[in-house]
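Here is a friendly note to read alongside the model. Please keep the sequence and the 3D view open as you go through the points.

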Amino acid sequence: MITVIAQSARIARTISYALGADFEYNGYYANEKYFITWTYGHMVELSAPGMGRDFWLSNQSFPILPESFPLTHAPSQHASGRYMPDPQLAVIKHLLEKSRKVILATDPTERGDLMAGYLLRFLNFEGKVVRVALNDLMHETIKNAITYPSDNISGFADNLRQLELYDRMDWLTNLNINRAIAFSVGRNTYPVSRTSLPILHLVAEREKAIKEFSPKKSVIPTITVRDSDGGVFSFRCSDEWDDIPEGFNEAVKAGAPVEVVSIETEQVDTKSPKLLNIEELQKMAALHFGMDPLETYLIARGLYEKKRISFPGSSRAGLIRRDFDDFKKDVYPAMCNAKCFKSLMGDNYSPYYTTSAKSLYNRPHGIVLTAFPFVGLSDDERKIIYLVGRGMLATFQRSFRRNVTKVTLACGGYTFIAKYVKVVRTGWVRLFDDTIKSSRAVPNVEIGQSLTVESVGEIGRTTKQPVPMVDFTLLKTALSLHEPDCRENVVKDIRYLRSRGYLHRNLAGEYSLTEKGQSLAYVTRDMKIASADDIKFWDSAVYQAATDQLPESVFNDILHKYVTDVTNELLASHKLSKPMGVEEVCPKCGHGKMRIFGKIAKCNNPECGHYIHRQIQGVTLSSREIHNLLSIGSTSTIRGFIGADGKPFAGKVTLDDNHSPIVIQVSK
Ligand SMILES: [Zn+2]
């Protein structure tokens, strides 16, 4: 048998219709060839050896850096108890035992890849694996994808390795920083995640900029001249100043000589935009309809399951010829009958298979309409259909072409410029702006010609107060923190900040920090964990490790150092916990003071930053023992250390050559 795993029960049912699998059982469908079952997305996750339920209470050492990451079942809403596996896991396991081959038809996303990979490994499936992308849920698409799957499993495996490294990095970082905060201020007080903190700071910085804003004025001088035909043309100075510089009014005044320095004409061609992906759709929906990005995702996802649009993923690739022909034959004529699209298209629109729209391979592509018309949809669904349809109409349209002429004048040692645009072809732009006109004619002048200043004027400018972040700006800025291939979770990160009560979004879609958000931003400001630059660093480090440009051992070393640094920074934050007791001189740099916090002693010299974790081999050093260690180099005998063999022993703590604590066993 062949087991097909879908992303949801609803999609499994659609697939069962397409494959004629009429037998319905508990948790799956079947015919004589296929079992069709489903996951609930997140069913299996990373864990670490020895991390049971009471781990948080029993283990006080920092940071936790396990060597291996076994998989475990995730908490489930469908199970009878909180720590019980999801019952669907047993269904899938049972089906896999009877199958020689599995077809992974889960969401064609990174998350879909990772969850499918984890699931098969957790269930020890050793047969043949095929990954298929269901670009849409039309019966024809499903039948083709499942019956003639292209063998792309090596691409899937490569991608999986990168996703696993990424997941492991996130897991390790988030586990340690959350434990550090929990031990400092209490469990679940400030849950945080590596990729969401910098987004919180984007909003914090914007709020600061609004508060501290003071307007700045500047001025750009202008002149007018007459061309050979007597027409008057205005030019603006290439400089912008706070104040007009001394001598300018002497040199540039009515009657002053002007020379034509250059006349340059170039043709500018802007290709039609690529198809929308989910991020672009979210930005458009926020911009035009004030829709919350998460809501947009859920609506788009629903429209995919209703077979109205193709999968709302991150690809912006084009269509293969056959799909474009199908669009022209089936969907396009229906669009022509809808008022909203007809008014966009005007009278002489016809779709072109442009370079922006083209693909040679049948792979995940940008979002397209798969069926029409607007019947049986909610208002919000119609808005999404409209945006997707408009995006398609733009993609299947020729470039926006115009001639731009730039005329440069010199007067009194200053440069003055004017640009003139002549539209050659409106192309796709007419779908967005029907007011585009050519600017007026280019002045009739020649290079080297002498003119005279007719009049002098100026354009005054005042900087505007920044406005609060809204869905569109926050999403756009947050997406730009990541490398292009690593943007899938940005909406989830924003959602996380809202659900944890750090960010508030008002009805106008404006974001502000809550009181709790302000506290977290205050605590983490200037910390490494909140650094926006580190996000891109790790995006590319993971990619390099997954493609063997960076040895995995080196990757692990820098990851461990990063996790240790960000954890120590939180543990030794005086904003989170007060340092206690008397301070001793740092054994490493010799002039910083070691400040003792709950779980760590850390040098306050920022260039040194030497630290000593207070927990060592199962014993937490008291502040008196830390003092002895730092002042006389050794503690007195302490009982209760746990040896590598698991047996308790007595010992003294001293410092090694790196000034880090080690335990010396004391013989009985
Ligand atoms: Zn020091």
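1. Let us begin with a helix pair. E279, Q282, K283, A286 and L287 in α9 meet D471, F472, L475, K476 and L479 in α14; a contact here means that the C-beta atoms of two residues, placed from the backbone, lie within 7 Å. By class, the residues of this contact are 5 nonpolar, 1 polar and 4 charged. Nonpolar covers Ala, Val, Leu, Ile, Met, Phe, Trp, Tyr, Cys and Pro, charged covers Asp, Glu, Lys and Arg, and the others, Gly among them, are polar.

2. A word on where this comes from: the model is predicted, so local features need pLDDT of at least 70 and side-chain atom pairs count only at pLDDT 80 or more, while totals for chains, interfaces and linings use all residues. Residue numbers start from 1 along each chain as its sequence is written.

3. How do the two helices cross? The axes of α9 (residues 278-289) and α14 (residues 471-479) come within 8 Å and cross at roughly 155 degrees. Axes are lines fitted to C-alpha atoms, for helices over the stretch in contact, and angles run from 0 to 180 degrees between N-to-C directions. The two helices are therefore roughly antiparallel to each other, a label for angles over 145 degrees.

4. Now the whole protein. Its secondary structure comes to 19 helices and 26 strands; helices (H or I, at least four residues) and strands (E, at least two) are DSSP runs, numbered from the N terminus. The C-alpha trace spans about 110 × 80 × 45 Å along its principal axes. Of the 668 residues, 35% count as buried, meaning that 20 or more other C-beta atoms lie within 10 Å of a residue's own, whereas exposed means 12 or fewer and partly exposed is in between, with C-beta atoms placed from the backbone.

5. The protein is divided into domain 1 (2-151), domain 2 (169-211 + 467-569), domain 3 (217-271 + 407-462), domain 4 (278-395) and domain 5 (578-667); these bounds come from an automatic or database domain assignment. Taken over C-alpha atoms, the centres of domain 1 and domain 2 are separated by 29 Å. In this pair, 9 residues of domain 1 are in contact with 10 residues of domain 2. The domain 1 side has 6 nonpolar, 1 polar and 2 charged residues.

6. An open sheet of 6 strands runs in the order β2-β3-β4-β1-β7-β8, with mixed pairing; two strands pair if DSSP finds at least two bridges between them. β2 (23-25) and β8 (128-131) each have a single partner strand, so one side of each is left without a neighbour in the sheet. The twist averages 20 degrees from one strand to the next. Helix α1 (residues 9-18) packs on this sheet, touching β1 (2-6), β3, β4 and β7 (101-105), and its direction makes about 160 degrees with that of β4. Within the sheet, 3 bridges join the antiparallel strands β3 (residues 28-30) and β4 (residues 34-38), and Y28 stands opposite T37 in β4.

7. Another open sheet has 3 strands in the order β24-β25-β26, with antiparallel pairing. Its edge strands, β24 (638-642) and β26 (661-665), each pair on one side only. Here the twist averages 60 degrees from one strand to the next.

8. Finally, is Y83 buried or exposed? With 11 C-beta neighbours inside 10 Å, Y83 counts as exposed. Y83 is found in the loop between β6 (71-73) and α3 (87-97).

Technical notes. Angles under 35 degrees count as roughly parallel, over 145 as roughly antiparallel, 65 to 115 as roughly perpendicular and the rest as oblique.
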